[in-house]
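Q: I have a new structure open and would like a quick tour. Can you walk me through it?
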Amino acid sequence: MKSKVLVITSGKGGVGKTTTTANLGTALAMLDKSVVMVDTDIGLRNLDVVLGLENRIVFDIVDVVNGSCKLRQALIKDKRIESLFLLPAAQTKDKNAVTPHQMKNLTNELRKEFDFILVDCPAGIEQGFRNAIAGADSAIVVATPEISSVRDADRIIGLLEAAGLYDTRLIVNRLRSRMVKNGDMLDVDDIIDILSINLLGVVPEDESIVISTNRGEPAVMETSSKAGAAYKKIARRLNGEEVPLFTLEDERILDKFRRLLKIAR
Amino acid sequence: MFDILYKIFGRDNSSSKNIARERLRLVLIHDRATISPEVLLLLKEDLIKVIREYLEIDEEALLVNLENDNDSVALVANIPIKGLRRAVNE
C-alpha cells in the first residue's frame with residue numbers, strides 16, 4: 001500500500017484538530033496500519049499529552065530537521081499499540097525553526113516506514129500552517145457547527161487549493177444532534193453545502209472526550225464512547241472502506257429504540 | 001414542499017440555525033471576494049491598456065475597487081475621461 005500523508009487542519013483553534021489526529025491515528029493503528037502522528041505546533045505542543053506520551057519525549061521535530069538526532073530516535077512508540085508512533089513538536093524552540101522544505105523531506109522520509117502519516121497542524125494561517133501542509137498529499141479540515149469555525153474552514157480550503165491541495169475532506173466535529181433537531185445549530189448539510197466540500201465524517205459532541213483527554217487515552221480505545229465510534233468509522237473510510245455516514249436519521253431511529261426499551265422496562 | 005413540512009413541525013425561518021446560515025453565507029461572499037492588492041493592481045493596469053485603445057483617460061485618477069453591498073459584491077471602477085479620440089471612419 002502506498003503511504004498517505006494527511007494534514008489535519010482547521011484555521012480556528014480549539015475545534016478539535018489534536019483530538020482528531022490522536023483518535024484517527026490510534027484508530028488506524030488499531031486496523032493494523034503503521035501510523036505516525038507528527039505534531040507541528042512548535043511552541044504549543046499538545047498531541048503528546050492527549051496521547052498520554054508526555055513523559056517519554058527526549059528529542060523532537062526540530063532536533064530531527066536540525067540533524068541533532070536520528071529520526072528513529074525522536075519517534076515515540078505508543079504504550080498501547082505496536083504500530084503507532086508520535087513525532088513530538090518542540091516546546092521551547094522558535095516556531096520558525098522548521099521550513100516547508102524540511103517538512104517535505106521529513107514526510108518523505110516517514111513514507112518509507114509508515115502507511116499513514118498524520119500531520120497535526122497548528123491553528124492559524126502562518127508559517128506553522130505552511131509547514132504542516134508542505135509534505136501532505138491531502139488535507140482533512142475539522143470544523144465545528146459554528147459560524148466562526150466554518151468561516152475559517154472556508155479560508156483554509158482556499159489556502160489549501162492555492163497550495164495545490166484539492167482533495168480536501170471535512171470532519172464536522174462536536175455536533176449536537178438535539179440542537180440541530182431544534183433548529184438551533186447548523187446542520188451537516190448546511191455546512192457542506194456552504195463550503196462545497198466532501199464530507200469525511202461527523203463526530204458528535206461527547207463528554208467522554210474530556211475524560212479520555214484527562215486520562216491520556218484516545219476515545220477510540222473506549223468502546224462506549226460515541227465520539228470514539230465516529231472516529232473509528234472515519235478511520236475505516238481513510239483506510240479505503242465504504243462506511244455509510246452516520247446521519248441524524250439513524251440517530252432518530254436509535255432514539256426511538258431507546259425510548260421503546262425504556263417503556264418496555 | 002419541505003418548507004411546508006418544516007412549518008408544520010414548527011421550524012420557521014427565524015430559528016437561530018437559519019440566522020447563522022444566512023449570516024455565514026453573507027460573510028463568505030465578502031471573504032471570498034477579497035482580491036489581494038497585487039491582483040487589483042494588475043487588473044487596473046490591464047484595464048488601462050484596453051481602455052486607452054478607445055478613450056483618452058486620466059490614468060492617475062483611475063480607481064478600481066471591490067465594493068460590498070448587502071448581499072452582493074461589485075467591481076467598481078471610476079475612470080475619468082480626458083478626451084475622446086477622433087473617430088476614424090475608413
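A: Start with a term: buried means under 20% relative accessible area, exposed over 50%, and partly exposed in between, with a 1.4 Å probe and protein chains only. By that rule, D32(A) is exposed, with a relative accessible area of 69%.

Q: What kind of model is this, and how are things numbered?
A: This is a predicted model: local features need pLDDT of at least 70, side-chain atom pairs count only at pLDDT 80 or more, and totals for chains, interfaces and linings use all residues. Residues are numbered from 1 along each chain as its sequence is written, chains are lettered from A and ligands numbered from 1 in the order in which they are written, and side-chain values use heavy atoms, with hydrogens and water left out.

Q: Back to D32(A). Where is D32(A) found?
A: In the loop between helix 1 and strand 2 (35–39) of chain A. Helices (H or I, at least four residues) and strands (E, at least two) are DSSP runs, numbered from the N terminus.

Q: What is the phi of D32(A)?
A: It is positive, about 70°, although D32(A) is not a glycine. Most residues other than glycine have a negative phi.

Q: What about R174(A)?
A: R174(A) also has a positive phi, about 60°, and is not a glycine. R174(A) sits in strand 7 (residues 169–175) of chain A. With 37% relative accessibility, R174(A) counts as partly exposed.

Q: How many helices and strands does chain A have?
A: 12 helices and 8 strands. Of its 265 residues, 54% count as buried.

Q: And the contacts in chain A?
A: Contact means heavy atoms within 4.5 Å. Among contacts in chain A with a separation of 6 or more, 77% join residues 24 or more positions apart.

Q: How many aromatic pairs are there over all chains?
A: The structure holds 1. The rings of F85(A) and F114(A) have centres 5.6 Å apart and planes at 65°, so the pair is edge-to-face. Rings of Phe, Tyr and Trp (its six-membered ring) pair if their centres lie within 6.5 Å; planes under 30 degrees apart count as stacked, over 60 as edge-to-face and the rest as tilted.

Q: Which parts does the pair tie together?
A: F85(A) is in strand 4 (residues 84–87) of chain A, and F114(A) is in the loop between helix 5 (100–111) and strand 5 (116–120) of chain A, so the pair ties together parts that are 29 residues apart in sequence.

Q: Is F114(A) buried or exposed?
A: F114(A) is buried, with a relative accessible area of 7%.

Q: New topic: chain B. What pattern does chain B follow along the sequence?
A: The pattern is α-α-α-β-β-β-β, with 3 helices and 4 strands. Of the 90 residues in chain B, 16% are buried. For contacts in chain B with a separation of 6 or more, residues 24 or more positions apart account for 46%.

Q: Where does D69(B) lie?
A: In the loop between strand 2 (63–68) and strand 3 (73–78) of chain B. D69(B) counts as exposed, at 54% relative accessibility.

Q: How far apart are the C-alpha atoms of D69(B) and H30(B)?
A: They are separated by 9.2 Å, while the two residues are 39 residues apart along the chain.
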